[in-house]
Every structure is written in C-alpha cells, then in structure tokens.
Amino acid sequence: MWRRLAVPAGVLAAVAGAFAYVGAVDPNEPGHYPVCPLYRLTGLYCPGCGGLRSAHAFVHGDLLTALHDNALGVAAYLGFAVLWTVRVAGAVRGRPVRLDPRPAHLWAIGALLLVFTAVRNLPWGGWLHP
C-alpha cells in the first residue's frame, strides 16, 4: 500500500510546499514575483492573473479575498483537493483510479477558461478583476 501512496504523497508535499511559500511570501508586495507577461504587454487579465494573491488569501483563510482575486483559481484548488482525495482513496483500497478525461471534458475546460478570460476583461466584468 505504501508504494501506491508514494505518488499522491509526493504531489501533496509539492503542492503544500508551494502553498506554504506563497502563504509566507506575500504577492501583494511588489518585487517578490514576476508580473504576468500578458498583463504587462497588453493590459489584459489572463485566467491565472491574481492566482498568487488568491492562493495567499486562501492559505490565510480569507476565502472572500481569494474568490475576488481569482475565483477560477479557488475552484481549481478545491477541484484538486477532491481529485487528490479520490486518488488516495483508490490507492488505499487497492483499486487505483485512472483519470482519463475525454476530449469533450478538455474542450469544456478550455471553453470555461476562455469565457472566464473574456468576461473578466469586459467593462462589466470588473468584479472578476484581481
């Protein structure tokens, strides 16, 4: 069983380390992290803009700020937690779960990212700005 849990444990350690670093080094203070290249060049917000600030707020338990900075990021954090838990439960039971998204799922995720990006850059989508 320990061999089956090695990969999920490694993934959890990497994600926890990344969140710990972002939680310790405030992205709201200039100079700690690079600016989004798309935002710097065009002034447009990409789907990841505000993700570090969102993760920082999430780590500190400020869910409303995390949602304001990047709502899609918060959904991704929670989705990762669910998928990771399903994977660990399958490994413990001895029936590993294989995540094999169909093309329709990937297209739907792409469409969601595109719509999120478009809406947050429209004048009436200011509530999605980081």
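Analyst: Helices (H or I, at least four residues) and strands (E, at least two) are DSSP runs, numbered from the N terminus. This is a predicted model, in which local features need pLDDT of at least 70 and side-chain atom pairs count only at pLDDT 80 or more, while totals for chains, interfaces and linings use all residues. Residues are numbered from 1 along each chain as its sequence is written, and side-chain values use heavy atoms, with hydrogens and water left out.

User: How many helices and strands are there in the protein chain?

Analyst: Read along the sequence, the pattern is α-α-α-α-α-α. The count for the protein chain is therefore six helices and zero strands, by the DSSP runs.

User: What share of the residues of the protein chain count as buried?

Analyst: Buried means under 20% relative accessible area, exposed over 50%, and partly exposed in between (1.4 Å probe, protein chains only). The protein chain has 130 residues, and the share that counts as buried is 25%.

User: How far apart are the end C-alpha atoms of helix H5?

Analyst: The expected span of a helix is 1.5 Å times one less than its number of residues. Helix H5 covers residues 71–93, which is 23 residues, so it should span 33 Å. The model agrees, as the end C-alpha atoms of H5 are apart by 33 Å.

User: Which helices are included in what covers the buried residues of H5?

Analyst: The buried residues in H5 are Leu-72, Gly-73, Val-74, Tyr-77, Val-88, Gly-90 and Ala-91. Contact means heavy atoms within 4.5 Å. What covers these residues includes helix H1 (6–24), helix H3 (51–59), helix H4 (63–69) and helix H6 (103–120).

User: Why does Thr-117 count as buried?

Analyst: Thr-117 lies in helix H6. Leaving aside neighbours within four places in sequence, Thr-117 is in contact with Tyr-45, Cys-46 and Pro-47. Thr-117 counts as buried because its relative accessibility is 18%.

User: Which backbone oxygen lies 2.7 Å from a polar atom of the side chain of Thr-117?

Analyst: The side chain of Thr-117 supplies the polar atom of this pair. The backbone oxygen at 2.7 Å belongs to Leu-113.

How values were computed. A polar contact is a pair of N or O atoms within 3.5 Å; within protein, one must be able to donate a hydrogen and the other to accept it, and residues adjacent in sequence count only if both atoms are side-chain atoms.
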